[in-house]
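Welcome! Please take a look at the sequence and the 3D view, and then read on.

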Amino acid sequence: MALTNISLRFKFPPLKSSSSSTFNTTRKPSSIVCSKPDGGEVANDDGGAKPRKKLSEQSSWEVKDSEGKDYLYRLGAESDNVNIAVGARSGMIDDVFIGDFLGKDSDIVFDYRQKATRSFEHLQGDYYIAPSFLDKVAVHIVKNYLAPSLNIKIPLILGIWGGKGQGKTFQTELIFKTMGVEPVIMSAGELESDRAGEPGRLIRDRYRTASQVIQNQGKMSVLMINDIDAGLGRFGETQMTVNNQIVVGTLMNLADNPTRVSVGQEWREADIVNRVPLIVTGNDFSTLYAPLIREGRMEKFYWQPTHEDIVNIVSRMYEKDGISRKDVISIVDKFPNQALDFYGALRSRTYDRSILKWVDEAGGMETLGKILLRRKKTKEVPQFTPPEQTVEALLESGYSLINEQKLIMETKLSREYMKNMDD
């Protein structure tokens, strides 16, 4: 083997400088520039400083928290979604934002683009909002947004309770639309899950979503839970589940610490969210856990519309049908002690005969599938003419509904089928 083909590499330590050394050890200043994490000024080659260019003065993507972290950093640190398969795909967005390193299904802002809030563009028309209802909801929202500047204890939760079908949810939605609130709405069906802890985590996640609406969109937001007693109430021998306990504990913790909410990420001192008012509806709050509804955590509002409220709401409902206010008063007096949805059902029942007539004119029951579904792609659906509303037709529908109510309460076939059932 020839020694000339072998190359050896040796690494020697640097020579120590001395006063008698003839080498010049003075180093020139480096021109390499590193950006500061706080987004402040950036040094240039001349040693001066120039401000860092921002995308926009109104952009929330570059807003820093107390630790100097921007929105995208917080989104990546706090996001609990790992299902990237449902995000943006190759060919659907620009290839610059897809890349091959994370795969074709990667989407960094998937959570940001999810629409969890509710808008009310479908509420078209002139509806009546009861003044007492409006005052209570509006004051609760405003007080919570002014909480940092008010030296008083403000309950985070407003509990609206009352009889069934009295328009609690609908009146609240009308107020949201009037005030420009973009709420996050949940139902009692989301308060239970086959996985322990999931409903509590969902509430905290929805709360943080409402907080992001306030911070990133500059809109007021509210977290609303409908029919909470149906999910958390204790009726007779109803069994209390782990998820029920976690949900109650989550709501109490939100009421006590409305600006510190975790969805599973590590606690950080800078992780302060906006205070979000919380509104819940139900029929009987006496079935709920007593510490949850105590003063200081929940402000209660019993909604029982007066005769004037009912007349005003029903008058707006029948206004397009040409029913006068005098006729509305006579209909309301004819069926006292009925919920608001009863008078909406009167109007709906009057359409039944007209719909049956429309079915016969369209070709009968046998062709309904082709008419209602397939014809939408090829031809126009036959025009339906709404019936002309009269007081007599509304009264006839009302008596029919009253008879159905009596049959349900008086017949009680369960007694016939289950002889051993206690009364």
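The structure holds nine aromatic pairs. One of them joins phenylalanine 335 and tyrosine 399 in an edge-to-face arrangement, with 5.3 Å centre to centre and 65° between the planes. Keep in mind that this is a predicted model. The notes below begin with that pair and then move on to helices, serines and loops.

**The aromatic pair and its cluster**

- The pair links distant parts of the chain, as phenylalanine 335 and tyrosine 399 are 64 residues apart.
- Phenylalanine 335 sits in the loop between helix H9 (325–334) and H10, while tyrosine 399 belongs to helix H13.
- Are the two partners buried or exposed? Phenylalanine 335 has a relative accessible area of 3%, so it counts as buried, being under the 20% cut-off.
- Tyrosine 399, in contrast, has a relative accessible area of 42% and is therefore partly exposed, a class that runs between 20% and 50%.
- Phe335 and Tyr399 also belong to one aromatic cluster, together with Phe342 and Tyr343.

**Helices H8 and H10**

- Helix H8 covers residues 307–318 and helix H10 covers residues 340–349; their axes are 10 Å apart and they pack at an angle of about 25°.
- That angle makes H8 roughly parallel to H10, because angles under 35 degrees fall in this class.
- The crossing of H8 and H10 is right-handed.
- Which residues meet where H8 and H10 touch? H8 brings Ile310, Ile313, Val314, Met317 and Tyr318, and H10 brings Leu340, Tyr343, Gly344, Leu346 and Arg347.
- Sorted by class, this contact of H8 with H10 has eight nonpolar residues, one polar and one charged.

**Two serines in helix H13**

- Serine 397 is found in helix H13, and serine 400 lies in that helix too, which spans residues 391–411.
- With a relative accessible area of 7%, serine 397 is buried.
- Not counting residues up to four places away in sequence, serine 397 touches Leu346, Arg349 and Thr350.
- Serine 400 has 27% relative accessibility and so counts as partly exposed.
- How far apart are the C-alpha atoms of serine 400 and arginine 349? They are separated by 9.1 Å, with the two residues 51 apart along the chain.

**A buried glutamine in a loop**

- Glutamine 166 is found in the loop between strand S3 (157–161) and helix H4 (168–179).
- Its relative accessible area of 8% makes glutamine 166 buried.
- Leaving aside neighbours within four places in sequence, glutamine 166 is in contact with Trp303, Gln304, Pro305, Ala339 and Leu340.

**Loop residues with a positive phi**

- Aspartate 227 is not a glycine, yet it has a positive phi of about 55°.
- The place of aspartate 227 is in the loop between strand S5 (223–226) and helix H6 (228–232), and at 39% relative accessibility it counts as partly exposed.
- Asparagine 337, which is not a glycine either, has a positive phi of about 60°.
- Asparagine 337 lies in the loop between H9 and H10, where phenylalanine 335 is also placed.
- Is asparagine 337 buried or exposed? Asparagine 337 is exposed, because its relative accessible area is 83%, which is over the 50% cut-off.

Definitions and conventions:
Residues are numbered from 1 along each chain as its sequence is written. This is a predicted model: local features need pLDDT of at least 70, side-chain atom pairs count only at pLDDT 80 or more; totals for chains, interfaces and linings use all residues. Side-chain values use heavy atoms; hydrogens and water are left out. Helices (H or I, at least four residues) and strands (E, at least two) are DSSP runs, numbered from the N terminus. Buried means under 20% relative accessible area, exposed over 50%, partly exposed in between (1.4 Å probe, protein chains only). Axes are lines fitted to C-alpha atoms, for helices over the stretch in contact, and angles run from 0 to 180 degrees between N-to-C directions. Angles under 35 degrees count as roughly parallel, over 145 as roughly antiparallel, 65 to 115 as roughly perpendicular and the rest as oblique. A crossing is left-handed if the near helix is turned anticlockwise from the far one by less than a right angle, and right-handed if clockwise. Contact means heavy atoms within 4.5 Å. Ala, Val, Leu, Ile, Met, Phe, Trp, Tyr, Cys and Pro count as nonpolar, Asp, Glu, Lys and Arg as charged, and the others, Gly among them, as polar. Rings of Phe, Tyr and Trp (its six-membered ring) pair if their centres lie within 6.5 Å; planes under 30 degrees apart count as stacked, over 60 as edge-to-face and the rest as tilted.
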